[in-house]
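How many aromatic pairs does the structure hold?

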Amino acid sequence: MLEEELTRTQAGVTPGRPQPLGATVDATGVNFSIFSERATKVELLLFDSYDDLAPSRVIALDREHHNSYHFWHCHVSGVIAGQVYAYRMDGPHQTRESGTRFNPRKVLLDPYSRANINTLWDRVRAVGVEDNCAYSMRSMVVDLDSYDWEGDEPLRTPLAETVIYEVHVGGLTASPTSGVAHPGTFNGVVEKIPYLKELGVTAVELLPVFDFDERQVLRTGPNGVPLYNYWGYDPFGFFAPHTAYCSDACSCTHITEFRNMVKELHRAGIEVILDVVFNHTSEGNEHGPTISFRGQANEVYYHLWPQDRRHYMDFTGCGNAINANHPAVAKFIIECLEYWVTEHHVDGFRFDLASELSRGEEGYEMPVPPALWGIELSGILSETKIIAEPWDGAGLYQVGRFPGKRWAQWNGPYRDDVRRFVRGDAGLAGSIASRIGGSRDLFTKEGELPTNSINFITCHDGFTLNDLVSYNHKHNDANGESNADGAHENFSWNCGVEGPTDAEDIERLRIQQIKNMMAILMLSRGVPMILAGDEFRNSQGGNNNAYCQSNEVAWLDWEQAEKETEVRGFVQQMIGLRKRFRAVREARFFDGRTNDRDLPEVTWHGCRLEQPGWEDTDARVLSYTLAGFNGDPDLHVIFNMYHLGLDFELPRVAGQQWHRTVDTSRGAGQDVLPAGGEEPVPGHTFHAHGRSVVVLTALPDNGGTLR
């Protein structure tokens, strides 16, 4: 009987190939391959259905026929796309000495799986030593070759021309106010493409779309309601689109729905940048669940304390840290990125806590980390945007000194300086001048450019822009941590009242402050990034850490979008202005060159010409003149963050007259004037209202229009 069963389970099984890793469909079946250096026994489990409690077929892989050095592999004839599968592995369980954690009772996902099924998943049962087959996640075989891309390719928009819109796939349309047919999904994103195109952004940066455990209960809220993983910064399936973002989690549509979204965004001229998490995984520390990496090569994938390898180093605040510069792990990361580019036409990646990827053995910072340089030098990724969050959760801070040269970096000092300046803090003229010019003080390595700086004032992690001008303090009580979580110093100002108000004067000031920050962002060299919903004053009620709020707190409120047209119109027009005037988006630092009329590229001023007040610790103003090149007009920009109106001297330009183009103190329809509708400025001074940003355009005295 045992011989008959063995014959059945091994029927149609041949040794197969060690590469590529994962499940690869061919004309006769599927090749399976998985990495594990120290496993002594590997079983491939095949399930007839995603919700079967036990496998219908168990294929034993032996070292003589199915092992090539680091890889276990086989080819199974007759298997097709849609096949549900998983692994079991046995080997040494020497947690203290070597860090190995093999457990033959645990069902393991394929780390290279292109799609996963989690309908039976029970996180609690994945912890401990008992068998969890009936409660496990499973992988799914996917056919990558049958999709019709209809000629689509990555857009390759230059960084200097890019305007990024950071958005959560689920949160974009999960609210009933979104009015979409497929809320909270990749398909829902497609339904909002007309809105994104009208706004004028050139790229969406999607919060994590790698498979994560959205049913993981992180803690309990003060009202007793469980709080779940919302943001998704806790992945387990790096090659697989997140199951919950698919319209049917149990079908084989994961890949198709993600690709459809990319293709339709590209048709609208919008790139797709993925926020990727290669610094830790959902398996957590030694008390966490076994999902895949822990059960196949724990000692390879994670940083472990050398004195007692039961315990995980944690540079992320999430329980573990990926050992990114081990050769096998670096291979995994680079192949994953290349897969999303070649198979899904993704345009770029933003790396969460990217500095963790520069840590080597025992967690020390490496001067030349192989993983990061491998990404930078990959031929397949050579035209792909790579963006670092250049710090990690254990104090490694690398803004301006991140390894490599073509990495763009989230510019934390830009965020803080602009927030403080607009709030009214004094003595920041020099810092703001540097931020406007692309942060040359930070990006000084040979060959770096303003486009190495991702300029942002808000992002998913922190206050929304509306809350930044509405709250002096964070209000995170709903997170169940007694308001102890989230950033304590936000450089915010509530304009006089904490939270919502019916006071018209305060509401007008808040709108003006939002416009000020959006204007500065769009006038800065570097790459601007907007947080989704900021353009219509979306609020999280003062919560600056909505990582566990999979509800109305964090979802975009589209009724608010319909209501708040003034700010939305302003943002749309400022994006258009940035596209119109090359001087504000040049991919060069100010270098002293002059234009064809012998005007210097930039001249700095304060209220008086050529007196910027760099040393004035009380100054809350800055103005500057940008010379136009190649037929573009000269621009004169005024920042008055003082609470009272001030007169600013204007430079004289032969044969030209200054015209008001932007004034944040004015209401809708007058805050940004269209080309041809600019208003002439009489005389040689301009009165800038308190807390305002003004842009003047030099046009011919006869009132001619821009070329």
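## Aromatic pairs

The structure holds 40 aromatic pairs, where rings of Phe, Tyr and Trp (its six-membered ring) pair if their centres lie within 6.5 Å, with planes under 30 degrees apart counted as stacked, over 60 as edge-to-face and the rest as tilted. Since Tyr112 belongs to the loop between strand 8 (84-90) and strand 9 (116-117), and Phe332 to helix 8 (residues 327-344), the pair ties together parts that are 220 residues apart in sequence. Both Tyr112 and Phe332 are buried, a term that stands for under 20% relative accessible area (1.4 Å probe, protein chains only).

## Basis of the model

The model is predicted, with local features requiring pLDDT of at least 70 and side-chain atom pairs pLDDT 80 or more, while totals for chains, interfaces and linings use all residues. Residues are numbered from 1 along each chain as its sequence is written, and side-chain values use heavy atoms, leaving out hydrogens and water.

## Charges over rings

A charge sits over a ring if NZ of Lys or CZ of Arg is within 6 Å of the ring centre and within 35 degrees of the ring normal. Lys192 is placed over the face of Trp558, 3.8 Å from the ring centre, and Arg593 over the face of Phe629, at 3.8 Å from the ring centre.

## Overall form

The chain has 15 helices and 30 strands, taken as DSSP runs (H or I, at least four residues, for helices; E, at least two, for strands) numbered from the N terminus. Of its 707 residues, 61% count as buried, and the C-alpha trace spans about 100 × 55 × 50 Å along its principal axes.

## Largest pocket

A pocket is an open set of points on a 1 Å grid over the protein atoms alone, where a 1.4 Å probe fits, with protein on both sides within 12 Å along at least five of seven lines; lining residues have an atom within 4 Å of a point. The largest pocket has a volume of about 1,100 Å³, a volume being the space filled by probe spheres set on the points, which are joined across faces, edges and corners. Of its 38 lining residues, Trp231, Thr316, Asp461, Asn545 and Tyr547 are the closest to the centre. Strand 14 (217-220) and helix 10 (412-423) are the elements that give two or more residues to this lining.

Terms used. Buried means under 20% relative accessible area, exposed over 50%, partly exposed in between (1.4 Å probe, protein chains only).
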